[in-house]
Amino acid sequence: MIEILQSLRLTLLNTGYANLNSSWDFENVISPFTRMYYITKGSAKVYHNNQVFTLKPGYMYLIPSYCYAKYSCDNYHEQFYISFLQEVNNGVSIYSLKDFNYEIEADENDKMYFERLLALNSNREIINSDPKTYDNKPTLQDFIKQNEVLSTKDFLETQGLLTILFSKFVTSYKLQNNIQIADYGMQKILNYINKNLHLPITVVELATICNYSSDHFSKLFKELYGSGPSKYIQEKRIERSQLLLLTTNDSLNEIAEKVGLNNISYFSRLFKKYTGKTPAFFRKEQVNI
């Protein structure tokens, strides 16, 4: 495992300090990069990985790449922010190898690290906080190219600061064996599933992406993740629907469509199978907590 972690590459996209108000309100955000926040004033909320995080001063937050997220601010908050790409070996995500905390209390040095990173990369701020304005391939490529103009000293210090901050969120190994996930090229499959849950996804389609037969693909997938690809997709659809039930006012039909389950009866049966509750009861129960 240490050899895999030694290949970890972090690529800075942007960093800055933002004063944000109620216009910081975005949903259906699925980005190919990681976000990290250090909150200094006020309060806001971030929803991802089927959890709700209330952003508060003195804490740092991590939003992994390729996960569905929603952001909202009722009044006002201020934050240092960092966005960066991460991978180990051949495009594999470290989120497939390790578990992470997504909220941690900052220590006395963390604010200094954010400030220093911003000082080294003072031209990397996001002008418009709407993800649609910067979460696109041309803009991301422009951000990546800005790393090339850093001096060797500044580049190495930037990498060190990113690594220190990112390391604070790591908790434990996710995989308990020595399976080399990079050998199977499965990370792009997980990313593909997360980005396309609203569409029909078949095992044949996924196997074709990896240039595997369906049987071979299914066997490798189950070996890596503990369940077959079809069941995994079902679980991810239900996880996404739980988050939508909690964070939006969308109707059950609209939510079913957003997670690729256009038949409302089937959606309700599947939801109850995994959660023990109907979608309507789950939403009502959460509202009354």
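Analyst: Asn211 sits in the loop between α7 (203-210) and α8 (214-225). Helices here are DSSP runs of H or I with at least four residues, strands are runs of E with at least two, and both are numbered from the N terminus. Asn211 isn't a glycine, yet its phi is positive, at about 60°. With a relative accessibility of 71%, Asn211 counts as exposed; the cut-offs are under 20% relative accessible area for buried, over 50% for exposed, and partly exposed in between, using a 1.4 Å probe and protein chains only.

Before going on, a word on the model: it's predicted, so local features need pLDDT of at least 70 and side-chain atom pairs count only at pLDDT 80 or more, while totals for chains, interfaces and linings use all residues. Residues are numbered from 1 along each chain as its sequence is written, and side-chain values use heavy atoms, with hydrogens and water left out.

Asn28 also has a positive phi without being a glycine, near 55°. Asn28 belongs to strand β2 (residues 26-29), and with a relative accessible area of 41% it is partly exposed.

Now for the inside. The largest nonpolar core holds 49 residues, and Trp24, Met36, Tyr37, Tyr71, Ile82 and Phe166 have the most contacts within it. Such a core is a set of buried Ala, Val, Leu, Ile, Met, Phe, Trp, Tyr and Cys residues joined through side-chain atoms within 4.5 Å. There's also a second, separate core of 17 residues, including Leu220 and Phe221. Back in the largest core, Ile82 has contacts (heavy atoms within 4.5 Å) beyond its neighbours within four places in sequence, among them Leu12, Met36, Phe114 and Leu165.

Zooming out, the protein has 12 helices and 11 strands, and buried residues make up 46% of its 289 residues. Of the contacts between residues at least 6 apart in sequence, 75% join residues at least 24 apart. The C-alpha atoms fill a box of roughly 55 × 45 × 35 Å along the principal axes. A compact globule of 289 residues would have a radius of gyration near 19 Å, and the protein's 20 Å agrees with that; the radius is taken over C-alpha atoms, and the globule rule is 2.2 Å times the number of residues to the power 0.38.
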